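I opened this model to go through its chains, domains and sheets. My notes follow in the order in which I looked things up.

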There are 4 protein chains.
Amino acid sequence: MLTTNPFDDDKLHEECGIFGIAGSDSAAAVTALGLHALQHRGQEAAGIVSFDGEEFHARRAMGHVAGNFDSEDVIDTLGGSNAVGHVRYSTTGASALRNVQPLFADLSSGGFAIAHNGNISNAGTLRKALVRRGSIFQSTSDTEVIIHLLATSSYRSLLDRFIDALKQVEGAYSLICLTSEGMIACRDPLGVRPLVMGKLGEAWLFASETVAFDVVGAEFVRAVDPGELVIVQKGEVRSIRPFEQQHQRPCIFEHVYFSRPDSIVDGTSVYSVRKAIGEQLALESPVDADYVIPVPDSGTPAAIGFAQTSGIPFELGIIRSHYVGRTFISPGDQVRHLGVKLKHNANRALVEGRRIVLIDDSIVRGTTSLKIVQMMRDAGAAEVHMRIASPPTRHSCFYGVDTPERSKLLAAKHDIQEMNTFIQADSLAFVSIDGLYRAVGEGQRNMAQPQYCDACFTGDYPTPLTDQDEFGLENQFSLLAERVN
Amino acid sequence: MLTTNPFDDDKLHEECGIFGIAGSDSAAAVTALGLHALQHRGQEAAGIVSFDGEEFHARRAMGHVAGNFDSEDVIDTLGGSNAVGHVRYSTTGASALRNVQPLFADLSSGGFAIAHNGNISNAGTLRKALVRRGSIFQSTSDTEVIIHLLATSSYRSLLDRFIDALKQVEGAYSLICLTSEGMIACRDPLGVRPLVMGKLGEAWLFASETVAFDVVGAEFVRAVDPGELVIVQKGEVRSIRPFEQQHQRPCIFEHVYFSRPDSIVDGTSVYSVRKAIGEQLALESPVDADYVIPVPDSGTPAAIGFAQTSGIPFELGIIRSHYVGRTFISPGDQVRHLGVKLKHNANRALVEGRRIVLIDDSIVRGTTSLKIVQMMRDAGAAEVHMRIASPPTRHSCFYGVDTPERSKLLAAKHDIQEMNTFIQADSLAFVSIDGLYRAVGEGQRNMAQPQYCDACFTGDYPTPLTDQDEFGLENQFSLLAERVN
Amino acid sequence: MLTTNPFDDDKLHEECGIFGIAGSDSAAAVTALGLHALQHRGQEAAGIVSFDGEEFHARRAMGHVAGNFDSEDVIDTLGGSNAVGHVRYSTTGASALRNVQPLFADLSSGGFAIAHNGNISNAGTLRKALVRRGSIFQSTSDTEVIIHLLATSSYRSLLDRFIDALKQVEGAYSLICLTSEGMIACRDPLGVRPLVMGKLGEAWLFASETVAFDVVGAEFVRAVDPGELVIVQKGEVRSIRPFEQQHQRPCIFEHVYFSRPDSIVDGTSVYSVRKAIGEQLALESPVDADYVIPVPDSGTPAAIGFAQTSGIPFELGIIRSHYVGRTFISPGDQVRHLGVKLKHNANRALVEGRRIVLIDDSIVRGTTSLKIVQMMRDAGAAEVHMRIASPPTRHSCFYGVDTPERSKLLAAKHDIQEMNTFIQADSLAFVSIDGLYRAVGEGQRNMAQPQYCDACFTGDYPTPLTDQDEFGLENQFSLLAERVN
Amino acid sequence: MLTTNPFDDDKLHEECGIFGIAGSDSAAAVTALGLHALQHRGQEAAGIVSFDGEEFHARRAMGHVAGNFDSEDVIDTLGGSNAVGHVRYSTTGASALRNVQPLFADLSSGGFAIAHNGNISNAGTLRKALVRRGSIFQSTSDTEVIIHLLATSSYRSLLDRFIDALKQVEGAYSLICLTSEGMIACRDPLGVRPLVMGKLGEAWLFASETVAFDVVGAEFVRAVDPGELVIVQKGEVRSIRPFEQQHQRPCIFEHVYFSRPDSIVDGTSVYSVRKAIGEQLALESPVDADYVIPVPDSGTPAAIGFAQTSGIPFELGIIRSHYVGRTFISPGDQVRHLGVKLKHNANRALVEGRRIVLIDDSIVRGTTSLKIVQMMRDAGAAEVHMRIASPPTRHSCFYGVDTPERSKLLAAKHDIQEMNTFIQADSLAFVSIDGLYRAVGEGQRNMAQPQYCDACFTGDYPTPLTDQDEFGLENQFSLLAERVN
């Protein structure tokens, strides 16, 4: 399979985006638009659950929001003024539809829908115990653990049962829940995954990123705080903080790659952070060259920053197909040897005979970098220097980011010199971890109490990894795996 | 909507057919063929779950077995030597796929699949209690109650938990269950719904009707007894009878209409019973006529019996389209007034000027009978006499048969004279209840302890109707209804 | 592939059914219903073309009328008060949609749609000449030859051009054509294929069989005569007979098998002819037996006739699945050895230990007969006698009937004794050719000038077989075959 | 309908892309990849015809190349070492598949497939005459005229017939034809539409743009000359020039917008031309501002040129959704008032309080420009200046480019001042016609004999517009329109 999908390759990527709205005449329509703006956070499935005061309505589909949630017919089936939605990165197999969120359960207190961004790192352990007590799981999703903990909690009120459930889970979660009483949005005590709130007329909105507000012209109010539960009921918003206070550790990779450049994440413009990383790179690892060339599209802001700081002209030396985003299955083995270039093409007339600096956001396996360097050389580039707008990615993420197993990470086994040999560039440099912290506005990384979760670079995980310790990574997955396919 | 579907009209019909096989290299393929032979018991959805010694594999689909379970690709996904399958009459709405059986649950003891023919008449009451204790239901099916009772039972072994569950349910059930240990087939203590066992080489088979054995050339061994659990484990079969002995009450309507004429139900040929009913009818309600004409196809055996006993020639006066079984949506209101005859057509050259006796199996609403009488008159019949091969259907069934609400049953509100007026025949007669019992080989109905469940004719229900008493029919359904659509 | 399709086996079958209506507000809806009633004449594709006074509208689809032409949405796209329709037996390959009729062409005189039942036996020769002169064919259909002859005719008026075209073609054709001026229905000078006309209110109808009138309650007026063109224009009907008078030779097999039993073909009830053939058989080839058993469904009328004449009881010894008409692909080779019986099942309880006479309409390859005899023996029949309601089928048809090549016809190479050995019956007999003529109401076959086309029995073809002589059967087809697939 | 499709809005766009390959083991696979690289030239349908030495194979589909021509199954049906392919912009209606190219005809000389980029401006006139002589058209495509002219030509050899046909047509055409003898590529005498030839191993390739060679690593050899026919037969290439020599007039808009920036069109890098247009704009219409911001993506090269010449920093002030290319149907009227921004979002953190220069390639209706200016103002921009990298588009194109009718072109009725008022910018300027000619490397436009076709800017059409004069635009289309829909 050749692919033109910009995300289906050598990148880490976010596993989910979530959206919720309470109190709008167009709840499902606005949710569909919000999810479309969050599509980069999860492209393989989407779902919406709404509540109309009497009944819940649900629709889930494999594929993009466009094509599944963009017709009036569909939106009309999702009646009511409250709705939650979810986009999901990866589900496999025919029966995977039941893993598509929002999950829904019919509890004794009534219907309950939940949309989750993050990952519960003790889900396997909790599931095992719940099944032993008679709970029957519908999905293989870690999120369902929260629902069963809630259903079997000994507390009385739904809110107490929900908090009881959250106190038992470890890991990262931004959640938006829809009940017959209202909406609950919350973020884990460390605030690993983002969650913002906004306003559109009288309605309250929640989303993973501010771009989901921009698309409908809603006002961005503030980020939901780590450890905060925001409850919307009958148009009123209140906030409770049931957890012990902790130092927050939001994910720094949201700035490097996950979030859209036009989003504001925890108070900072993603575009300006990325440009600042490019400036740091130009200062830390300068190079004598004719052109600064971005690896499209995610390398572009850092390339602009690098070009402005270095004074080397910014040029488009790689042209990306407009038709990315669609998988293109290779038509036969016969053409594999041709080195087919579906996604990127060199702007040969520009780069021929020139010394170039390529700017990319990260290196995961290194295979794409190797191909791009090669493509530049084939087009006649005299020198190819690679500059990376993040530190080397050395560790797996257990908080809702799809990472290859550690052994596949180029930086896990190799130093920068060896990595350069692998990708066959003339030189290779990464921004330093302190350079990255400077770009997000901190003086440097606080080693004792880091301001961000940067475990993928440092291996410094902010929570216990219970399932990982108990079962190992492989076992965790097989534990959760559907026994029925 | 006009329809050519022979079942989608004025008939009671069975809601399910079930099939299971343990110990065959072709388990899923044989199950698909068996389900195809049982298609008349449920035409709207089908499913198969198999177990390959390590993993369960499941596939469910809306629609017929043909088209969904007849490709090698599909069968190949259903690996293993044990499999259970199910055909289902009626599910509504887009999300109904999760109601399609066999249901599957991942219990602490491992995977558990269940296929059910019948209806649990206290399902609503049990579900309410289970949800209150924290169980989360995946479907709106009454069958799921059995799984949750099993999952939360305080007994230790799976078999004890299963029996514990069964002892709490009321109503009619023939079940085939697949576990990682083997297969369990059982029939409720009254034996309301049929269940037979067979053998194909080394493999053991279970099915609703013997025709499912004929299709693959399997040997019919015997009926599963009312109240019996047959357990197949590692090629060995054993039988346990955990319930207090009761007088059995198999459904007599299986002989009248539900089962295929080539099936052997509880030891008797369905074809010969239907012919015998026709003979009883000819003796009880003779008529002077030129031709005996069956209402195709279910009235044919009784018509042959009637013709042979009366000496009146059997002729095909109504031709049924070969293309029944497919729904034909009426192309526009404009043709509605034309009295479109998609399913049946009069053999005008035959019936013109003749006195005819029509033989049908039953009258439910009476609307079809009215149309057929009218069609015969339009074709020039001189006299049209109607003879029905069952007693008047006066009561709803709560044991897995789709019946209109009582008020829609023509016989619930009208005597035979009034019914004749409604259908506009020259005369109308039904076989007597004792005539029906004589046709199935009993001298007459034992009023104290009836040999069959004949509640639809007599109102004499063999079990309590807990949900019905508690919620009323409407409430029972809304209780079970998905709150999320 | 196993199949439950009642036609996809050992039968000759008709290749087309046609329908037309002029002057109805519901033209397309009535056409859809008429085609549904003619579905047995062609089950693989269907099409309708309508004219609304300004524009022609067309829709063609692979598959049945039901499912393709039964929604209001579809019918609404086929506006206008005149419409023609077509059902087609066999088209192969993905691009075959362009062979689906009615064919349409945009001529200098305006739009022209044509629906054809029959076969042009010099189509290959004509096509070759037309292509040489610059005509470009859209399809591989023999029918398209008529359109190009018409388009390039040197005559002036459309009607003259049409007659000019017809005078050049040989073979069998019943045609219904739609132009912007009106409708033309015509039948070849021998009247090989049937065509009838009817009336529904003010509208005029044409169809292959009268059942297409019954379905909408239209009145059957008369058959179109061999060699007659019926022209409907502005509500007026007129008739012209441009061909030299010939002795008519309608296809006798329409009575044996093709037409529905409830149709009136050339003035005679098909049902009564089939019963009469059974009576002839009972007189010509009596047998001592317990039961007369029809091979369902086409053998039933002859079986009733045989039973009434012989005094042997008529019984259902073979039960046909209700779910015929759908193809059931065999789920894997693994079950092939099981002798799967999807379509027919023996009524074992009836036939066990009995001597039976099976009545079927014809034997083509003999493979089905062999299986059915075997099925009866497996069910315990003591003796199995086969009686066939047509003479042996010894020759191919070139007039629009799908026949296997001659070498596949059992009767082409074997006498009756050998055929009996092949099908393994206790005895085998066919109705005589004179018996068949008696059943259709003739004293006997007029050897000098046969009253019917009976070439499949006698090899006496009523027209030259130009392509057959020129190219041979194989070459004819490769000539027409699409060079592009 | 809201849309994220980058082409389905306020742009002119190319109607077709063509590709051919002769002499490759992977002909169809390479064609699919080449068409994918040309997808921007036609996104609504695609087709491939191949020839395997004996048979032609064809496949056409509505939609993108990806999804229709990217599976081995599909490619395997397109056997042979020669293939031609086509992508098409616009076809409407259900029956439009027959308009999808390559068109194919079965001529007396054998199969003939043709792929066409351009438009025959006397097609209606020629078609009328051909139909009068008996030709029957399969499509409403202007291209089919060429085939019928060829089929009915009085010349003997296929090549002579083809040249005879071309000499009768007017307008623009780049053609690739596949016959059983080989491949013919040709370009009209003016060379309006581009066509290039390349080599991949022993195989010869033809394509609309060089990017189609890059995707498979083929070598770009040269452009096909205006008026040249290149014939590939048995691996040999020869060239003939049957037309009288004319001054060439290639389309200048290929440089402005249609072609990909990484293509070489008629010897010049499209990227460098676009940058040079930006430089001309900066010189001709400078402005005092903080940032130069491209309207993504087509405005980017000109924006880089403008920024480098003006010294104003290049920044991403508008973020385009990655999910462009998919249509997003608006979920309901209810959200229309929200001013939904699916395709573009302002980078508010950047532009707030700043003076910006927006660079776009062209203005057609002006509606998109108005929205983008408004979006920048909503995001807080202090000043918004618009600079356009082409002269005002004042005239329709009749040579294969989809243009709105003239009355919809903003520049057709308004001067630049009025246009600025319409789009509500602080200033608006277009590059001059001479600036554009300088950017493509000419000193200035040769008024007597222009070096390019620039009719959309100047109204100076290089060929007669016969249909336009004869029927008017509307009539031309209704003449070609299918009379059957």
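Predicted model: local features only at pLDDT ≥ 70, side-chain atom pairs only at ≥ 80, totals over all residues.

**Entry 1: chains C and D**

I looked up the interface first. I found 24 residues of chain D in contact with 25 residues of chain C. Which elements of chain D each supply at least two residues of the side that touches chain C? I listed strand 4 (56-62), strand 6 (103-107), helix 3 (123-132) and helix 4 (144-151) of chain D. Strand 6 of chain D gives the most to this side, four residues. I then sorted the side of chain D that touches chain C by class: twelve nonpolar, eight polar and four charged residues.

**Entry 2: two domains in chain A**

I moved to chain A. The assignment divides chain A into domain 1 (13-249) and domain 2 (265-458). Their C-alpha centres lie 33 Å apart. How many residues does each domain of chain A bring to the contact? I read 19 residues from domain 1 and eleven residues from domain 2.

On the domain 1 side, strand 1 (13-14), strand 7 (110-120) and strand 8 (171-179) of chain A each give two or more residues. The largest share, three residues, comes from strand 7 of chain A. By class, the side of domain 1 of chain A that touches domain 2 holds seven nonpolar, eight polar and four charged residues.

**Entry 3: the seven-stranded sheet of chain A**

I traced an open sheet of seven strands in chain A. Its order is 4-3-5-2-11-10-12, with antiparallel pairing. Strand 4 (56-62) and strand 12 (219-223) of chain A stand at the edges with a single partner strand each, so one side of each has no neighbour in the sheet. From one strand to the next, the twist averages 15°.

Strand 3 (residues 45-51) and strand 5 (residues 82-88) of chain A run antiparallel and are joined by seven bridges. Phe51(A) has Asn82(A) of strand 5 as its bridge partner.

What packs on the sheet? I found helix 1 (residues 27-37) of chain A there, touching strand 2 (16-22), strand 3, strand 5, strand 10 (196-200) and strand 11 (203-207) of chain A. Its direction makes about 25° with that of strand 5 of chain A.

**Entry 4: helix 1 of chain D**

I checked burial in chain D. Helix 1 (residues 27-37) of chain D is mostly covered, with eleven of its eleven residues buried. Among them are Val30(D), Leu33(D), Leu35(D) and His36(D).

Four bridges join strand 9 (residues 183-187) to strand 13 (residues 229-233) of chain D, and the two run antiparallel. For Ala185(D), I noted Val230(D) in strand 13 as the bridge partner.

Definitions and conventions. Residues numbered from 1 in each chain as written. Chains lettered and ligands numbered in written order. Contact = placed C-beta atoms within 7 Å. Nonpolar A, V, L, I, M, F, W, Y, C, P; charged D, E, K, R; others polar. Domains from an automatic or database assignment. Pairing = 2+ DSSP bridges. Axes fitted to C-alpha atoms, helices over the stretch in contact; angles between N-to-C directions. Buried ≥ 20, exposed ≤ 12 C-beta atoms within 10 Å, placed from the backbone.
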